[in-house]
Amino acid sequence: MLRYKFLKFLKSPKTCVNLKVFSVNLTQSSSEHINDDKSKFLSEEHIAEAVKLSPALFTVPLETWRTAHETFLNHGLSTQNFLQIATGNPKVLMRSPKKVIEALEFWRTCQFGEYFLFLLITKYPELLDVNDQQKLLRHISFLKSYVNTDKNVWKLLMTCPSLMQDSVKNIEARMSYFKDVMALEIPEVIKSEALTKPLEEIKCRHIFLKRLCLFKPRPKKVDPDEFTDNPRLYKITDTSDKTFATKICHVTAEEYESFKILFHREMQRKEEENENEDLLSDDDDN
């Protein structure tokens, strides 16, 4: 009966509410804990709008909506938070309350604080797919070893959530390049999406800037707050090829494309040379 009523509701004229307004609401981060009754109420209009934004939710029974909503509400999230999570990661609705609570508790052990945790999981609901607390804590601890504080780990994930799926080896390689080769400070790395970029792309852009004399590494003993003419890391890594070429390097997009091809060949040649050296070394040992 409930299912029939919901389907009838979706088809009725009264569901033609302002989708644009609702979409804006769903993408806004919760700026405070809301305690009034309105924030706790899940209406049929809410559900209908969520289905429009994420059609995969169409098959979710009304009772499942209510159970999931109550679970999130009981753990401090508002209806707005819940709707953002539901549209961003519909699979969450089909999980048992126990599984949802378990994922929330896993993330709570990361010590970000409720307010910042809710901002994180409503912006990136896929993070609720975590199912291994020890693995989560190891990865968070690994990130913290580079960025020093829980708050910085949170900032990093707000910019680069995909780091939770990335390997330690890949992250270490990028971090090493930023610190040891580019001589960058951690705060600058955190403010960019650089850690999500392929290392070869990072190297390519950095070396292109160096060869244009547009990037000069800081001496190790220089005050990190001292002004530098070097482009900020986010301008190097978080831009399209065209923007990077024309706005940051002041060359044409075609010139940068040509360099990318030459750089790729150069890297391949170096890799082959290293492999040949390894083979010769093995022969000498034998």
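**Exercise 1.** State where Pro-55 lies in this predicted model, and whether Pro-55 is buried or exposed.

*Solution.* Step 1: Pro-55 sits in the loop that runs between helix H3 (44-53) and helix H4 (62-74); helices are DSSP runs of H or I, at least four residues, and strands are runs of E, at least two, numbered from the N terminus. Residues are numbered from 1 along each chain as its sequence is written. Step 2: the relative accessible area of Pro-55 is 60%. Buried means under 20%, exposed over 50%, and partly exposed in between (1.4 Å probe, protein chains only). Pro-55 is therefore exposed.

**Exercise 2.** Find which residues have the most contacts inside the largest nonpolar core.

*Solution.* Step 1: a nonpolar core is a set of buried Ala, Val, Leu, Ile, Met, Phe, Trp, Tyr and Cys residues joined through side-chain atoms within 4.5 Å. The model is predicted, so side-chain atom pairs count only at pLDDT 80 or more, while local features need at least 70. Step 2: the largest core holds 74 residues, and Trp-65, Trp-107 and Leu-157 have the most contacts inside it. Step 3: helix H8 (residues 133-147) gives the most to this core, six residues.

**Exercise 3.** Determine which element has the lowest mean pLDDT.

*Solution.* Step 1: pLDDT is the predictor's confidence in each residue, from 0 to 100. The chain averages 86, and 81% of the residues score at least 70. Step 3: where pLDDT is low, the predicted coordinates should not be read in detail.

Note on methods: Heavy atoms only, no water.
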